[in-house]
Amino acid sequence: MPRRFLLLLLLFVWLTGAVRAGEAPLLDFTQADFVLADSATPPPDSAPWQTVTLPDQWRLSRPGVAGNGWYRLRLRIDRPDPGLQAVYLPKLVMNAAVFLNGEAIGDGGSFSEPIARNWNRPLFFPVPGELLRPGDNVLHVRLLGHAYTQAALHPLQLGPENLLRPAYERALFLNVTLNQTAGLLIAAIGVLTLNLWLRRRRDTAYGYFGLSAVVWSLQATNLYLREVPFDTAHWEILSNSGFQIFSGFLLISLLRFIGLQQRRLVGALWFGIVAAPLSLWLAPAAWYLPLTAGWHFYTLLAALATLGLLLHTAWRGGNRDARFLVGAMGLVVLFGLHDWLIHSQHIWQGRTAWPLTDVFLLHYSAPLVFLALGLIMTGRYVSALNEYEALADELDRRVQDKHLQLQESYARMRELETERAVTEERERIFRDLHDDVGAKLLSLVHRAHRPEDADLARSALRDLRDVVSRTGAASYALDELTADWRSECEQRLSEAGLRLDWQSDGAAEALSQPQALNIGRILREAISNVIRHAGATTVRIRLEAGEATLLLSIADDGRGLANEQRPRGRGIRNMQARTQRLGGELQHRNGDGGGCRIALRVPLAAPVN
């Protein structure tokens, strides 16, 4: 189990890794000039621009500052590419607009309340090639931050649209589409679980789990919604409050699932569920971000305590459900610590080196916990249902044992009578077919005016005889089958003026009805192909039947195949289909000494579809 979650961890790190495309002809911007300005158009060069390094995180570079900021990025292009270019902003907070040489090329939405939310959404703006001029060019980025958010601009890129679009679409899928899909699925799981809890109120674990799933799906809209119905401050309060509520309900449901009655821990979780939203609502803007970091750390400690209880219960108590949850919760705690360190950079001022500082991971691990709990609930429900059904079946068997024995005896007698009636009716039908249809086909053979009509009638007559003679018993003696096949081949080849060289040897005593029927028809089709197309004088047939395998080869001394790779006709396709039904192999190629050779290998014990 730990190995599986380690592989999942590596997969998530790879999927959420930041995209870097430093190949020429892409331009990566890691430095810019910055100035605070409330204007909606780029400030003049005379403004107090200051050089900054990207990523520029305002909580570190200018604590307490919010509002409208401008970044100026200079680039020199000797020979502009006339094709379609693009500007790609992989990460920013909260909204941005881009200007090239003073011309607006795109923005992320509204710059007035409610501000468009692009904190978890990459931005991509196509740039017509004619906007880039030879020599010096200037790219301006307008960034709007808010006191309740951590404004930041990460390195951006400019280059051909076809090179940047794959990176943009990959980031959009991971940050937006994937979270939308997970949110809908978890919302459905939550509704189903709440419905189950409403029908069985004493299983409170289902109620807490359903509530946590519904709250998570609502809170997760913060990951992909761009336009929201509230202003930024109130939306941030709702989003972070939802995270605390979801976490509290989820951890309580985990404790209930494994049967732990930890009153102090549950009380602490309820305190966070109630106190966190109230304190975030009442706190002034200057305290909001430190307070959210404090509540997230509080929840992280509660998750660590829950993980410790899960470990203790899993290994000392022998609880299989707890073992299943340990891996998922371990991943949640690890990703939660990672995200808390990113969210709390304004506290430790970037003094700690931490990888993946531009990627939040916790929302990728939460669905794993829901999946683990969903599997546990499903397993418990199915197990309880199976036990109930088994008990009901056992009671029913004890009450009706004698009655069932009489019913079984009567059913067996009725089955034997039905089988006997079916067999008699089938034999009557076969006799009628043989006497009536067979006689008519024989008359057609003699009255046919064209050879091909006679051949067709003979083929139908042989198929009818096969159906009548090969559809009654479960198996047939191999020596009888061999005699019938050889007699038919000698007759057909003699009528066509060809000589038959037949050899057979084998240890098998019998073939099943499907094997006898299909092998006979493959042999018949092969002989028909020789007579019609080979131009041969002699046909050599070898039949070897061992205990496990039957080998049949048909070789002629005719003209052979002009092209062994040419498309094959319906007859060969029918032979291949019958071979597949027998589970065997069929080869169709030119012989070493000329002519054509067909080799059939059939496992005698193989099932026939």
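Entry 1: I started in the loop between β9 (103-107) and β10, which is where P114 sits. This is a predicted model, so I am reading it as such. The E113 to P114 peptide bond is cis, with omega near -10°.

I then went looking for another cis bond and landed on V93 and M94, where omega is about 20°. M94 belongs to the loop between β7 (92-93) and β8 (95-100). Next stop was N101, in the loop between β8 and β9. Its phi is positive, near 55°, and N101 is not a glycine. I noted these spots because most residues other than glycine have a negative phi, and most peptide bonds are trans. Is N101 buried or exposed? N101 counts as buried, at 19% relative accessibility; the cut-off is under 20%.

**Entry 2: strand β10.** I looked for its neighbour and found β6 (residues 85-89), paired with β10 in the antiparallel sense over five bridges.

**Entry 3: strand β18.** Which strands pair with β18? One is β17 (residues 538-545), antiparallel to β18 over seven bridges. The link from β17 to β18 is a hairpin through three residues. Across that pair, I541 stands opposite I554 of β18. Another is β20 (residues 596-603), which runs antiparallel to β18 and is joined to it by seven bridges. Here I wrote down T549, whose bridge partner in β20 is P603.

**Entry 4: helix α13.** α13 has 18 residues (478-495), and at 1.5 Å a residue they should span 26 Å; the end C-alpha atoms are 26 Å apart, so the two agree. Then I listed what is buried in α13: L478, L481, T482, W485, E488, C489, R492 and L493. Why do I call that one face of the helix? Looking down the axis of α13, the buried residues fall within an arc of 140°, so they line one face. The spacing makes sense to me, because an α-helix has 3.6 residues a turn and residues three or four places apart point the same way. On the face turned away from the buried side I found the exposed residues D479, E480, S494 and E495. After α13 comes G497, which has a positive phi, near 80°.

**Entry 5: a greasy patch.** I checked the surface for nonpolar clusters. Y381, V382, L385 and Y388 form one, with about 410 Å² of accessible area together. I zoomed in on Y388, which is in helix α10 (residues 362-399). Y388 is exposed, at 58% relative accessible area.

**Entry 6: salt bridges.** How many salt bridges are there? The count comes to 13. I opened a few of them.

- D136 and R76 meet at 3.2 Å, N to O. This pair links distant parts of the chain, with D136 in β11 (residues 135-145) and R76 in β5 (residues 67-77), 60 residues apart. D136 is exposed at 52% relative accessible area, and R76 is exposed at 58%.
- E169 and R165 meet at 3.9 Å, N to O. Both sit in helix α3 (residues 161-199), four residues apart, about one turn of the helix. E169 is partly exposed at 43%, and R165 is partly exposed at 28%.
- D203 and R200 form a salt bridge with the closest N and O atoms 2.5 Å apart. D203 is partly exposed at 22%, and R200 is partly exposed at 40%. I also noted a network in which salt bridges with shared partners join D33, D45, R72 and R74.

How values were computed:
Residues numbered from 1 in each chain as written. Predicted model: local features only at pLDDT ≥ 70, side-chain atom pairs only at ≥ 80, totals over all residues. Heavy atoms only, no water. Helix = DSSP H or I, 4+ residues; strand = E, 2+ residues; numbered from the N terminus. Expected span 1.5 Å × (residues − 1). Buried < 20%, exposed > 50% of the residue type's maximum accessible area, 1.4 Å probe, protein only. Arc of directions from axis to C-beta. Patch = residues over 30% accessible without salt bridge, like charges linked within 9 Å, V, L, I, M, F, W, Y side chains within 5 Å. Areas by Shrake-Rupley, 256 points an atom, 1.4 Å probe, with all protein chains shown as cover. Salt bridge = Lys/Arg side-chain N within 4 Å of Asp/Glu carboxyl O. Pairing = 2+ DSSP bridges.
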